[in-house]
Amino acid sequence: MKKDRWLLRAVLLLALSAALMSGVSLAAEAGSSQDPLVTLSYLNDTFFNSIMQRVDQKLAQQTGQAVPGGGSSSSASFVVVTLSEGQTLTGGVGCEVMLRVGSAVCVAPSDPGLIDETAGTSLAGGASLVQNHLYMMTIEGRGVRATAATTKVLARGSCTVA
């Protein structure tokens, strides 16, 4: 009879401790100081994406992104600017552009319009740009006007799109 009481007490103690442990594990929040385990899926899906968004925001603030529909850019690195037909990208002194897609002409009231750094020549106002040639604006108010439905240029330096 004493052996049966001992066995009953052991079973009751085991059941009570199991109930307490499950209550504690349910109360602990995942990722808290009580449960610091971090899964790979959390790192890949949540943490990494939030870090990359912050990095992209900081880079955009530092480099000054050109706005495709208008706006301005002042950048130490090249940014892609998409122009619609008739839109003009006007650059400050030292601004560089490279025609990548479509077609464009030089906008300049007098010579020299743009300096073709690739060929080592100058381009007069109204003359067509050559794809993949690098052009520099050495006088304020020079620019390029898109003559194709979609024109993409790489731009580096201070410029505006209108």
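With which residues is L43 in contact, leaving aside its neighbours within four places in sequence? In this predicted model, residues are numbered from 1 along each chain as its sequence is written, local features need pLDDT of at least 70, side-chain atom pairs count only at pLDDT 80 or more, and totals for chains, interfaces and linings use all residues. Side-chain values use heavy atoms, with hydrogens and water left out. L43 is in contact with V38 and F48 once neighbours within four places in sequence are set aside, contact being defined as heavy atoms within 4.5 Å. L43 belongs to helix α2, residues 40-63. L43 counts as partly exposed because its relative accessibility is 35%; buried means under 20% relative accessible area, exposed over 50%, and partly exposed in between, with a 1.4 Å probe and protein chains only.

The protein chain contains 2 helices and 11 strands. These elements are DSSP runs numbered from the N terminus, helices being H or I of at least four residues and strands E of at least two. Their order from the N terminus is α-α-β-β-β-β-β-β-β-β-β-β-β. Of the 162 residues in the protein chain, 26% are buried. Among contacts between residues at least 6 apart in sequence, 69% join residues at least 24 apart. The chain exposes about 10,600 Å², of which carbon and sulfur atoms supply 61%; accessible areas come from the Shrake-Rupley method with a 1.4 Å probe, and for residues only the protein chains shown count as cover.

An open sheet is formed by 6 strands in the order β2-β10-β4-β8-β6-β7, with antiparallel pairing. Two strands are taken to pair if DSSP finds at least two bridges between them. The edge strands, each pairing on one side only, are β2 (79-84) and β7 (121-123). From one strand to the next the twist averages 35°, where axes are lines fitted to C-alpha atoms, for helices over the stretch in contact, and angles run from 0 to 180 degrees between N-to-C directions. Strand β2 runs antiparallel to β10 (residues 150-156), and 6 bridges join the two. Within this pair, S84 stands opposite T150 in β10.

The pairing with β9 extends over 4 bridges, and G91 has R142 in β9 as its bridge partner. The pairing with β11 has 3 bridges, and T90 stands opposite T160 in β11. Leaving aside neighbours within four places in sequence, T88 is in contact with V107, V144, R145, T160, V161 and A162.

The largest nonpolar core has 21 residues, of which V81, L89, V97, L114, L129 and V144 touch the most other members. A nonpolar core is a set of buried Ala, Val, Leu, Ile, Met, Phe, Trp, Tyr and Cys residues joined through side-chain atoms within 4.5 Å. Two or more residues of this core come from each of β2, β4 (96-101), β5 (104-107), β9 (142-146), β10 and β11 (159-161). Strand β2 gives the largest share, 3 residues. V144 is in contact with Q87, T88, L89, V97, A104, V105, V107, L114 and L129, leaving aside its neighbours within four places in sequence. In soluble globular proteins, nonpolar side chains tend to be buried together.

A search of the whole structure finds 1 salt bridge, defined as a side-chain nitrogen of Lys or Arg within 4 Å of a carboxyl oxygen of Asp or Glu. This salt bridge is between E96 and R156, whose closest N and O atoms are 2.6 Å apart. Because E96 lies in strand β4 and R156 in strand β10, the pair ties together parts that are 60 residues apart in sequence. E96 is buried, with a relative accessible area of 9%, whereas R156 is partly exposed at 27%.

Two features of the backbone fall in loops. D111 and P112 are joined by a cis peptide bond with omega of about -10°, and P112 is placed in the loop between β5 and β6 (114-116). N132, which is not a glycine, has a positive phi of about 70°. N132 is placed in the loop between β7 and β8 (134-136) and counts as partly exposed at 39% relative accessibility. Most residues other than glycine have a negative phi, and most peptide bonds are trans.
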